[in-house]
Every structure is written in C-alpha cells, then in structure tokens.
Amino acid sequence: MTAMFVLSGLALATWIYLILFHGGFWRLRERLPASPAPAHWPAVVAVVPARDEADVIARAIGSLLDQDYPGPFHVVLVDDNSSDGTGGIARRLAAERGLQDRLTVIDGDPLAPGWTGKVWAMEQGLGRALEIMPDAERVLFTDADIAHPPSSVRALVAFAVADRRDLVSLMVRLVAATPWERLLVPAFVLFFAKLYPFARVNDPRRSMAAAAGGCMLADRAVLDRGKAMAAISDRLIDDCALADLVRRHGSGRIWLGLGPDHLSLRGYDGLAGVWRMVARTAFTQLRHSPLLLAGTVLGMVLVYLAGPVTLLAGLLAGGPLMTATGLATCILMTLSFVPALRLYRQPLALAPLLPLAGILYTLMTVDSARRHWRRRGGGWKGRYQAKGTDRTGDQGA
C-alpha cells in the first residue's frame, strides 16, 4: 500500500501543477481579439490543398469566396490528384457565383519524392498564388473541409497587423456529433492545449511554437526568408513545423487561439475515425522514439489513471488519506475538462470520463507506433509516410 500511497501523492502533485502552473491551458480562453482596421489592407492569398473533398468543397470554397475582406484577396485551390471531381465542383461554384476572378484551381503534380502529400500541395499552391498575386503580403493556409465566417480574413489580418504577429492561427471547431466524438473531441482540444499551452505559444519571450493547420495566416516575407515549404517538405505535423519555422525566421511573434465560428465540415465517424486521426501522427510527435513512447505511456497513466485507481484502492482498503488524495486528484481532473465540454456544448456529466479519454488516447499513441514499425505510419487518403522519412524536430519549448 505504500507504493499506492506514493502514486496517489504524485498524481495529485501533478494535477496541482497542471492546474496552477501550466499556462492555464485548461481554461481555453484564447479568442481572436477585435482589432482596429489597418491604415493599409495588405494583399492576401489563400492556399487550399484538397484531395477527394467532393462532399465538402463547395461549402468550404464558398465560405472563402464570400469573404468581406476590404483588400485584394485571391483563393488558390490545389486539386491533389482527386478521384471524385473536387476541382470541377469548385470551378462550377465560382462560375455560378460569377467569381471566377477570385478563384484559381490547379491540378496537382504527382507526389514528389521526399514530400508529404499536403505540404507538396501547399508548395504548388503557394508558387502559383505568388505568380497570380506577386505583391501578396499575407498567405492564408486553410484546409478544404473548413468553413470560414465572412469576416474571417478581415479579422485575422487586422489582428496580425495591429499586434505585429508573423503567424496567426485558429483551432477550428471540430465535429462532435456521435457519442464517442462528444467525449473524445473536447478531450483532444484539451490535450492539444496541454501539450502546447496557448498562452505560452503566444508569449514572444518563450520559444514554444504551435499552430492549427485548418487556419493559418502567415507573413509572406517570413515564409520567403525561411524557404517555408521546402524546409518542412517531409513533415507530417506540418502546422507545428510551420509555426516553428516562422518563429525562428521572423520576429518570434506568433499567436494561436480558438475559432469557435470556424467550422470543420467533416466528422470522424465515431471512435474509429478519431483513432485514425490520432494514430496517423502521434508517434511522429514523439520523434519515433521508443523511449519517448514509454515515457508518454507512463506519464498518461500517472496523470489520468492513477487518481481513479488510488481512490478505489483507498476505498477498498479503508485508507482515508489515500482516499482523500485520490478524490482530490479526480476532482481536479474533472474540473479541468469542464471548459472544453462547455466550448463544445456537451453535457458536463462527461467530465468525470476524462480518464477514459486519456487511456484511449494512450492506446491510440501505442497503435501509432505499431503502424509506424509496420511501415503503415502517416496513412491518409491512400498514402502512407515511409518509415523514417519524417525528420520531426523539437517543436516545443
């Protein structure tokens, strides 16, 4: 029982640290601040990589065509060898709205060696975008399954200019419709914020860099200086890699927050879909290191399982101090999940199930390593990242 008591104490101490001293990650308060209009609205070009997005592309591209941005704005869609007519749907939409001059659709080249599919599409799109709009000062990278509110580009640019940010990124609202998604999607947002506390990312005095790939507005001059796409050509976690590059080659001023009115248009089909999403890149985040994998598993067990286990052990053994320690750990854990559940308008009754979400994400991470070792890592829409090709570096603090 001595070991269990020590474990309960470690778990409680860990949660006290996380709640009080880890950047307030669990509060999830960061929203794009309202900013005054700049004296000059810079030219902006949006780059949208797309592969087999026929079911959502009209709404996503339509939301970009509907932007109320006061300055020059153009959208480049890269149809990355789609088999479902993605590019044709976007072209027809622009023609129906009489906005052909605001959208360019290019057919992507076959995947180049040493590049991941999305970054290769971004490279082609960025090259064409700067041919069309050579004076573009800002580049918006966004996914083909994201719907933006009409004021999105205007608000992003106004804040970036007013606050002198080289990169402004929003974590969009993900779909949480099925029972498993209602638990796991808010937990995913919480875990991402724990890994990259937004307040620390946004603090220019710190070296932590992160971004959310669904919506990233970047300074074109910094991208040019860092040779951005070539520098991150083989990265699976391209958004955080881009943020790290921008921080190193720019002023160090990047910003990451939540965009509740920016919507992901595609759900995950329950547990299996969330599992695939996480297993695709989790082991990459650990730099394909068995030691980091082992440390992550032990850490997740300590953070999410030790509290409930020691609470149960204390109740069964009649140990009041262990029971109290385990209960305090579970209370802190439950409270930490409340803001994420509120963000996603989910029942607060799900908050005590955070340990279940933690264990499931731990299993997904182990499965990510298994897939990598079987050379099935990075699987996405029929493509797989070959073992050892993603040279993920230190993207944290």
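Is D203 buried or exposed? D203 is buried, because its relative accessible area is 15%, and the cut-off for burial is under 20%. Please note before going further that the model is predicted.

**Confidence**

Colour the chain by pLDDT. The average for the protein chain is 93, and 94% of the residues reach at least 70. Then select residues 386-397, where pLDDT stays under 50; the model has 35 contacts beyond four places in sequence for this stretch.

**Salt bridges**

Select R266 and E53 next: their side chains form one with N to O at 2.7 Å. R266 belongs to the loop between β8 (254-264) and α11 (270-285), and E53 to the loop between β1 and α2 (57-65), so the pair ties together parts that are 213 residues apart in sequence. E53 counts as buried because its relative accessibility is 7%, while R266, at 25%, counts as partly exposed.

Now select D163 and R253, whose side chains meet in a salt bridge at 3.5 Å, N to O. This pair links distant parts of the chain, 90 residues apart: D163 sits in the loop between α5 (152-162) and β6 (167-173), and R253 in the loop between α10 (238-249) and β8. With a relative accessibility of 24%, D163 counts as partly exposed; R253, with 16%, counts as buried.

**A buried charge**

Which side chain of opposite charge is nearest to E30? It is R31, 5.8 Å away. E30 is buried yet has no salt bridge; the cut-off for such a bridge is 4 Å. To locate E30, select the loop between α1 and β1 (44-50). Leaving out residues up to four places away in sequence, E30 touches F198, A199, N202, W255, L256, G257 and L258.

**Two positive phi angles**

Remain in the loop between α1 and β1 and select L28. Its phi is near 50°, a positive value in a residue other than glycine. L28 counts as buried, because its relative accessibility is 3%.

For another such angle, move to R345, in the loop between α13 (320-343) and α14 (354-373). R345 is not a glycine, although it has a positive phi of about 55°. With a relative accessible area of 66%, R345 is exposed.

**Inside the helices**

Select G307 in helix α12 (residues 290-317). G307 is buried, with a relative accessible area of 0%. A C-alpha to C-alpha distance of 7.4 Å separates G307 from L12, although the two are 295 residues apart in sequence. Showing the surroundings of G307 brings up A11, G326, T329 and C330, which it touches when residues up to four places away in sequence are not counted.

Proceed to V278 in helix α11. At 11% relative accessibility, V278 counts as buried. Which residues are in contact with V278, leaving aside neighbours within four places in sequence? They are Y361, M364 and S368. A C-alpha distance may also be drawn from V278 to L360: the separation is 10 Å, and the two residues are 82 apart along the chain.

**A nonpolar surface patch**

For the last stop, display the surface and select I16, Y17, L20 and F21. These residues form a nonpolar patch on the surface, and their accessible area together is about 410 Å². Y17 lies in helix α1 (residues 2-21) and counts as partly exposed, because its relative accessibility is 37%.

Technical notes:
Residues are numbered from 1 along each chain as its sequence is written. This is a predicted model: local features need pLDDT of at least 70, side-chain atom pairs count only at pLDDT 80 or more; totals for chains, interfaces and linings use all residues. Side-chain values use heavy atoms; hydrogens and water are left out. Patches are made of residues with over 30% relative accessible area and no salt bridge: like charges are joined within 9 Å, nonpolar side chains (Val, Leu, Ile, Met, Phe, Trp, Tyr) within 5 Å. Accessible areas come from the Shrake-Rupley method with a 1.4 Å probe; for residues, only the protein chains shown count as cover. Helices (H or I, at least four residues) and strands (E, at least two) are DSSP runs, numbered from the N terminus. Buried means under 20% relative accessible area, exposed over 50%, partly exposed in between (1.4 Å probe, protein chains only). Lys and Arg count as positive and Asp and Glu as negative; His and the chain ends are not counted. Contact means heavy atoms within 4.5 Å. pLDDT is the predictor's confidence in each residue, from 0 to 100.
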